[in-house]
Amino acid sequence: MDDQKLWEILGISKDIKPSTNFRMKFWQRVEGLEEKRRSLIFRRLVPAVAALTILLLAIFTHLPKPLQYSQAPLVTQKAVENFTTEELLVETVNYSDLKTIIVETFSSEEILTAFVPEEILEEMQIINERGGENFNET
Amino acid sequence: MDADSELMLRVKKGEISAFNQILEKYQRPIINFVYRFLGSKEKAEEITQEVFLRIYLARGRYRPRAKFSTYIYRIARNLSLNVLRKKRPQIVSLDEPISGENGEMKRELPDSRQISPAEALKKKEIQLLVKKALDSLPQPQKTAIILNRYNDLSYEEIGRIMNLSLPAVKSLLHRGKENLKEKLAKLF
């Protein structure tokens, strides 16, 4: 038997046709699947939205309100009245860096006195007395 | 790019009606391809629906890297093989009697065309024998023969569908043909 004869014999094999409503069935399945997908998204979305709402409500109802500018001196005054210097210092250190504390606590003169070595201070004083760095001796 | 890939790109862009043209063009070749694999019209129709459904649902990710026909036949082949792996198709012989309430009786085949009952029976017998011979081939040989003989695909395209080189396809087809000749020789 040659290839051509074999091909002829294979050609006798039955050829089938799709059912007449094949396309309709297809689009119905697509519609069904998309409906299922939509309902699945909805079912997943509802608990997520509910959880988010509860979370937001919890945050906004329990968080302390931001301090009004006018209330700030009152709070400071109350803090000074109710806490010791050490407690206030510990609290302050917890919330601010050293530079901020120093700048806010001491005057410029106090900072100079506390942190600048004495010799330099003396030299600065001499320079000031002479009228500044550009003082001309002649 | 081939015309079918362009159609698919239109579907991807949202022109859903373009998919009807794909359905129209491929429903028959795919259903026959699957039918030759599985041997059941109902199952073939179900799998063909699945093939189109997968392509449609993945339209957003479609990229025309190969011919559209390669893409669709590859999906059809994979789905058919999945079914075959789960359950081997039952081959029914014409000689096998049907069990009924009144004992066993000979299988009767309906004649769909205006030919004599003897001719119809002979044709049905040949169809069954061809099917039996095809089913007895190793799966890759069977796939290559079906794609080449019934779906008129080139060796190159068969290679792309089956992930094989051109010489491998030629060799598969050659061995498949030789096996079929051997099985059918005594009958013709």
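## Ground rules

Residues are numbered from 1 along each chain as its sequence is written, while chains are lettered from A and ligands numbered from 1 in the order in which they are written. Since we're looking at a predicted model, local features need pLDDT of at least 70 and side-chain atom pairs count only at pLDDT 80 or more, while totals for chains, interfaces and linings use all residues.

## The two chains

Let's start with chain A. There are seven helices and zero strands in it, and its pattern along the sequence reads α-α-α-α-α-α-α. Of the 138 residues in chain A, 4% are buried. A residue is buried if 20 or more other C-beta atoms lie within 10 Å of its own, exposed if 12 or fewer, and partly exposed in between, with C-beta atoms placed from the backbone.

Chain B has eight helices and two strands, in the order α-α-α-α-β-β-α-α-α-α. Buried residues come to 28% of its 188 residues. Take the contacts in chain B with a separation of 6 or more: 60% of them link residues 24 or more positions apart. Two residues are in contact if their C-beta atoms, placed from the backbone, lie within 7 Å.

For the classes, Ala, Val, Leu, Ile, Met, Phe, Trp, Tyr, Cys and Pro count as nonpolar, Asp, Glu, Lys and Arg as charged, and the others, Gly among them, as polar.

## The nonpolar core

In soluble globular proteins, nonpolar side chains tend to be buried together. In this model, the largest nonpolar core has 40 residues. Such a core is a set of buried Ala, Val, Leu, Ile, Met, Phe, Trp, Tyr and Cys residues joined through C-beta atoms within 7 Å. Among the residues with the most contacts inside it are B:Ile30, B:Phe33, B:Val34 and B:Leu147. Helix H2 (residues 18-38) of chain B provides the largest share, nine residues. Why does the core lie between two domains? Domain 1 (3-86) and domain 2 (116-185) of chain B both give residues to this core, so it lies between them; the domain bounds come from an automatic or database domain assignment.

Let's zoom in on B:Val34. Not counting residues up to four places away in sequence, B:Val34 touches B:Ala44, B:Ile47, B:Thr48, B:Ala76 and B:Ser80.

## Two crossing helices

Now look at helix H7 (residues 155-162) and helix H8 (residues 166-185) of chain B, whose axes come within 9 Å and cross at roughly 100°. That makes H7(B) roughly perpendicular to H8(B), a label for angles of 65 to 115 degrees. The axes are lines fitted to C-alpha atoms, for helices over the stretch in contact, and angles run from 0 to 180 degrees between N-to-C directions.

B:Tyr155, B:Glu156, B:Ile158 and B:Gly159 in H7(B) meet B:Leu166, B:Val169 and B:Lys170 in H8(B). By class, the residues of this contact divide into four nonpolar, one polar and two charged.

## Residues to look up

B:Asp152 sits in the loop between helix H6 (139-150) and H7 of chain B. B:Asp152 isn't a glycine, but has a positive phi of about 55°. With 9 C-beta neighbours inside 10 Å, B:Asp152 counts as exposed. B:Asn163 lies in the loop between H7 and H8 of chain B, and its phi is a positive value near 55°. B:Asn163 has 8 C-beta neighbours inside 10 Å, so B:Asn163 counts as exposed.

Finally, B:Lys131 is in helix H5 (residues 117-135) of chain B. Is B:Lys131 exposed or partly exposed? B:Lys131 is partly exposed, with 19 other C-beta atoms within 10 Å. Leaving aside neighbours within four places in sequence, B:Lys131 is in contact with A:Ser13 and B:Gly39. B:Lys131 and B:Gly39 are 92 residues apart along the chain, and their C-alpha atoms are separated by 8.2 Å.

Key: Helices (H or I, at least four residues) and strands (E, at least two) are DSSP runs, numbered from the N terminus. Angles under 35 degrees count as roughly parallel, over 145 as roughly antiparallel, 65 to 115 as roughly perpendicular and the rest as oblique.
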